[in-house]
Amino acid sequence: MTETTKTPTPDAAPTPTPALRGLIPLPTAAARGLLLAGGIATAASAYLAWTWTAEFPGDLTYYGYPGGLQWLTFTAGVLTALFALASYGVRGLGWLLPARNNAPLALTALGGFAVTWFTVIAISTKLGGVVNLEPGGWIAAVASLLPVIGAFALPQERTGTDSTKEAVKAYLAKPERIPAPQATAPWIQRAVITVVTIIGLGVFTYGIDTEYGELFVGYLFVLTFAIWALHTAGLLDRFSGLVAANRSFTLAMGFAAAIAFPFTQTDDHYANIGVNILIFGTVALGLNIVVGLAGLLDLGYVAFLGVGAYTAALVSGSEFSTISGVHLPFWASALAGAAASLVFGVLIGAPTLRLRGDYLAIVTLGFGEIFRIAVNNMDGQSGPDVTNGPNGIPSIPDLKLLGFNFGEAHDIGGFTLGRFANYYLLMVLIMAIVVLVYTRAADSRIGRSWIAIREDETAATAMGINGFRVKLVAFALGAALAGLAGTVSAHVTYSVVPTPYQFAGSTPPNSAFLLAAVVLGGMGTVAGPLLGAALLYLLPEKLVFLQEKSLLAFGIALILLMRFRPEGIIANRRRQLEFHETGQLDVPKQTTLTDEPAVTKAGA
């Protein structure tokens, strides 16, 4: 008896695709209940005592009041519970899951698990064994595990595509599923941006104010998984739409938050961290012109910061300056520092910018080392007496601008601003100037020429762009911005010595950290290098407790980030498309003018 196969008719209903099972075999209802209960239990466990002694930082010995790392566990538990309630369709929380996927639930659960177990392990390691854990510590460890089990037991529904990522991508690609920002009233959009800015200022301030390394590591765990969850939920895409529709207002709110930062501090030490982050970020933004827009790999860029710093020190009126009797006002020394760096940029760029790729990188690396060695030898013995050699130029006086002494504390509106807070506000003003120059240059004709050179210099030259002139302008402008930041850096640190101006070191700024800040934050963007600079300055500052293992941890973090986010934290759209195939989650499939699928590199 022969067996016949029946050909389905065109009118036949398609066979429903079965749901993708979770990694853990549990009913969906039980998984969601476990997720919600685990999130609530994780938050509640923060109100228990986790250890019996106050020797562990944060004093986790109290019942009824969280302390230190317990607050981070509480925050992660609340976020997990909120996303779990949103997955139930609770009224008023649907906006938390515009993508309608389960990835945010798993990520917030992992964040709570990571910070809780890190705390438990840190207590056991620091105090000498698990015997130092109170029952509350064990309860917290178990409670944080429950939502992880529930999240990984949730099924991911298929929608006819080959993977869950494709399903979510298709969901995000439908404009009717995620309303356009223009559909919302302008005042609501600006209110949302204002609230997000306030929350961002609070989160950043908390990260800087962390008093010990363990608290900062826990902060990084919660922050990383929370931002990742917001991204997979589709909330960051929505907010990006709001920002695109309100660019000027968003930029104004960003600078308002930056100005408000020193007024939230009671310790001038954290303002010192803030001003150094801004100096580092300003130099990174200048390097972003060279690397991010023009595509020139500069490995000696920190030398331009040194040129500006030494120029400002020589005309500062310091008694150790070799140019005696010269004391220029700040505006003049700032212009002198920027001009000196610009001249050096032209002198170095003119003979070398006809090189490309690795050859240009080697030449710029050599320039950076030549600068450091030269200022180290200009001591009157090995060379001319200009920089005092390895002793540098100390005793640089504080700035005075329009009768305002930056070295003295000032009371403004009931708030006391110390020395570093004064310099911080000055750097905010300089940062605003640098951002204005960067954005105007990037949006200009020369900026489009930079991008064309970066993408394909041969094609750009064939279209009539003078590649050498365009690259020289980028090199000179980036150098001038670095020199401008260097003039403030000299006064903040009171002295200028050759040691920091090297290619690589354990602390920023150096050329390796500057380049990492641009790549890590996002090449070709404004906020990317600033965020990268903040992270790269805070990590060595806060991970001192790891001692010799701090660079190992830092390297592992960079490897993981480049593996999962090679385009940077704040990605330029063009670079995001370059690094990801069209089948992945966060890049919609590209179509032609006739709405036919575009041909990918693989020919699909």
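This is a predicted model: local features need pLDDT of at least 70, side-chain atom pairs count only at pLDDT 80 or more; totals for chains, interfaces and linings use all residues.
Residues are numbered from 1 along each chain as its sequence is written, and side-chain values use heavy atoms, with hydrogens and water left out.

**View 1. A nonpolar surface patch that includes Tyr-47.** Tyr-47, Tyr-62, Tyr-65, Trp-71 and Tyr-206 make a nonpolar patch of about 530 Å². Tyr-47 sits in the loop between helix 1 (28–45) and helix 2 (69–87). Its relative accessible area is 32%, so Tyr-47 is partly exposed (buried is under 20%, exposed over 50%, and partly exposed in between, with a 1.4 Å probe and protein chains only).

**View 2. The second largest cavity.** A cavity is a set of points on a 1 Å grid over the protein atoms alone where a 1.4 Å probe fits but cannot get out; lining residues have an atom within 4 Å of a point. Helix 2, helix 3 (103–127) and helix 7 (213–233) each supply at least two residues of its lining. Helix 3 gives the most, with 4 residues. Among the lining residues are Leu-107, Thr-108 and Phe-225. The lining has 6 nonpolar, 3 polar and no charged residues.

**View 3. Leu-342 and Val-473.** Leu-342 lies in helix 12 (residues 330–352). With a relative accessible area of 36%, Leu-342 is partly exposed. Leu-342 and Val-473 are 131 residues apart in sequence, and their C-alpha atoms are 9.6 Å apart in space.

Definitions and conventions. Patches are made of residues with over 30% relative accessible area and no salt bridge: like charges are joined within 9 Å, nonpolar side chains (Val, Leu, Ile, Met, Phe, Trp, Tyr) within 5 Å. Accessible areas come from the Shrake-Rupley method with a 1.4 Å probe; for residues, only the protein chains shown count as cover. A salt bridge is a side-chain nitrogen of Lys or Arg within 4 Å of a carboxyl oxygen of Asp or Glu. On a 1 Å grid over the protein atoms alone, a cavity is a set of points where a 1.4 Å probe fits but cannot get out, and a pocket is an open set with protein on both sides within 12 Å along at least five of seven lines; lining residues have an atom within 4 Å of a point. Grid points are joined across faces, edges and corners, and a volume is the space filled by probe spheres set on the points. Ala, Val, Leu, Ile, Met, Phe, Trp, Tyr, Cys and Pro count as nonpolar, Asp, Glu, Lys and Arg as charged, and the others, Gly among them, as polar.
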